[in-house]
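Keep the sequence at hand.

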Amino acid sequence: MLELASIFVLGIFAQWLAWKIKQPAILPLILIGLAIGPIASLFTADGSKLIDGDAIFSGDLLFSFVSIAVGVILFEGGLTLNLKEIRSLAGTVRNLLIIGALITFIGGGVSAHYIMGLSWQMSFLFGALIIVSGPTVVIPILRNVRPNTNVNTVLKWEGILIDPLGALIAVLMYEFILSTKHGADYPTEVFQDFFITVSAGIVSGGLGAFFLYSLIKNNALPSYLQNVFTLALVIFTFAVSEMIHAEAGLMAATVMGIALANVKLEELKKILSFKEDISVILISVLFILLSSRIDIIQIEKLGWESLILFLIIILIVRPLGVLLSTIGSHLNWREIVFISWIGPKGIVAAAVASLFSLDLIKGDTQIDPKEAELLLPLVFLIIVGTVVLQGSSAKYVAALLGVKRAEPKGILIVGANELARKVAQVIKDHGTYVLLVDTSAPSIKEAKKAGLKTLQANILSDQIFDEIDLSKIGKLVAMTSNSGLNDLACTWFEKELGETNVFRLASKEETDNTNLPLPKNVLFNARVDFVTLVQLIRVKNPFSEMSFESQSEYEDFRKEYAKRMIPLFLTGEGDEFQFITGYTSKTDKLTSLVYVKKPNFDSETVADDDEDVEYIQS
């Protein structure tokens, strides 16, 4: 029990560490697994491991647990695949799944045979295992790098779809190894197995998705049971597919996820959030569990030849596969080079390699057990190597090639209340993209009536970064009545957008306490809270706009009319918005100031007319 509990604790710690160092979680997970497994055996008195996966799960139990866990992970990945994203790049992704996979299979197999001296059978099994990439390693890299839409779409779809395909090819290769023992007619059986596996996966996954969709759509499931029922149904669909044919479950889980992702189902957001939490736990346990199973002797047997094999795979095999797959595509050479560089291996490669090594080491086939012992550490070497090298360099390579997203100008407003809608309308009228996010259905409905782009979601949820197209967003503006939520929203998006691009309204404490200096990110650089601003914008034509020839003219205007208006934002060349905050820079390129008139806060008489102030009604 202590070992199992330790794996859970260490797994979550590794996830936190990955977030802290901005690396895919697979890296610290594997390193921790190796540290408590094979490396620890060097320092214990009896040469035992601190934690041994084989001691926790053994035989068929380990096989079943790993298989089901991978199926759930692939289902969660499938839930993020919307077919609208891939319409213009479908051919490229298709080629990567066919041509790219074939090149990796052949190139990896031939290289392993001649460099590592493995038999042809074992070499091509290795080639099949390194086909897979995986969302658990690709998506964190994409989130950190933020490449352009073309690169992001291709790598995300390839990473998720190639998992079941690579596992299927690996299973077929494994079946070939088993068939040689019995003298089976393999060419006939392989096509039969392939057809049955794919068909069983597609049909089972489709039926599972349709059944779940029907239940939720017809309110046949209470909301508190939707998440757990979905998890149970995914496992059931996986198991039924596996009963029809081995490894059809991975295909079924992926198909089920993709099918649900492309139907209109509001409850999907809650299901996806739950599945993300489950996937984090399963990934954490799996990687530590599987990497702890490796023995130090197996690592020592790899030798320097394994490093040469690794370099050939990432510098020759992967680029060749991408190059042949992107001929005639809409991608430019810079995007092709970057995609060629990003090909990290993930959980499915580790899981399937672990499963096969268990059987091959037994010696029931023509494969030498000593040769079979190299399979797992060799695959883990490729996983660790690709994640470390490609994950750590991806951001610099993207910047060098110029494939990072162009600096977005759009504005994300937290809140769809009356104030947020009014401000969003002004921003939209100036030609700037604006998106309002709120959990309130009535507020979202009113914003839609006004013709504004909206998203009903929790701004603090983990999946918000997947639901929002950040390629369009450059600034966040928190304008809710909850000052705590405003502050947390800024903190949540600070790493994505930068601390100088997240703004919020002043809190009640900041407006009442004049001795307390205003933080630089407070909107409008004024001591006015949400309630005060709502009252101001309820008057007729509350917003006004004034044009200037220079920065000095703008400063003079502000000094003269400081008690009669609140500056909101400045517009420059190309209608770029600059919110008035402590970060506001001085520039002569400013063309106009949008402001809201305010009542007499300082007990001074305010003229009824504005003849001395020339403004353009917004």
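In which helix does Ser241 lie? Ser241 belongs to helix 10, residues 223-244. Helices here are DSSP runs of H or I with at least four residues, numbered from the N terminus. This is a predicted model: local features need pLDDT of at least 70, side-chain atom pairs count only at pLDDT 80 or more, and totals for chains, interfaces and linings use all residues. Residues are numbered from 1 along each chain as its sequence is written, and side-chain values use heavy atoms, with hydrogens and water left out.

Ser241 is buried, with a relative accessible area of 0%. Buried means under 20%, exposed over 50%, and partly exposed in between, using a 1.4 Å probe and protein chains only. Set aside neighbours within four places in sequence, and Ser241 is in contact (heavy atoms within 4.5 Å) with Ala200, Ser204, Ala248, Gly249 and Ala252.

Helix 2 covers residues 26-39. Of its 14 residues, 11 are buried, so the rest of the structure largely encloses helix 2. Among them are Ile26, Leu27, Pro28, Gly33 and Pro38.

Now the surface. Leu4, Phe8, Ile12, Val280 and Ile281 form a nonpolar patch there, with about 370 Å² of accessible area together. Such a patch takes residues with over 30% relative accessible area and no salt bridge, joining nonpolar side chains (Val, Leu, Ile, Met, Phe, Trp, Tyr) within 5 Å. A salt bridge puts a side-chain nitrogen of Lys or Arg within 4 Å of a carboxyl oxygen of Asp or Glu. Areas come from the Shrake-Rupley method with a 1.4 Å probe.

Helix 1 (2-21) and helix 12 (268-292) each supply at least two patch residues. Helix 1 gives the largest share, three residues. Ile12 lies in helix 1. Ile12 is partly exposed, at 43% relative accessible area.

Conventions:
Patches are made of residues with over 30% relative accessible area and no salt bridge: like charges are joined within 9 Å, nonpolar side chains (Val, Leu, Ile, Met, Phe, Trp, Tyr) within 5 Å.
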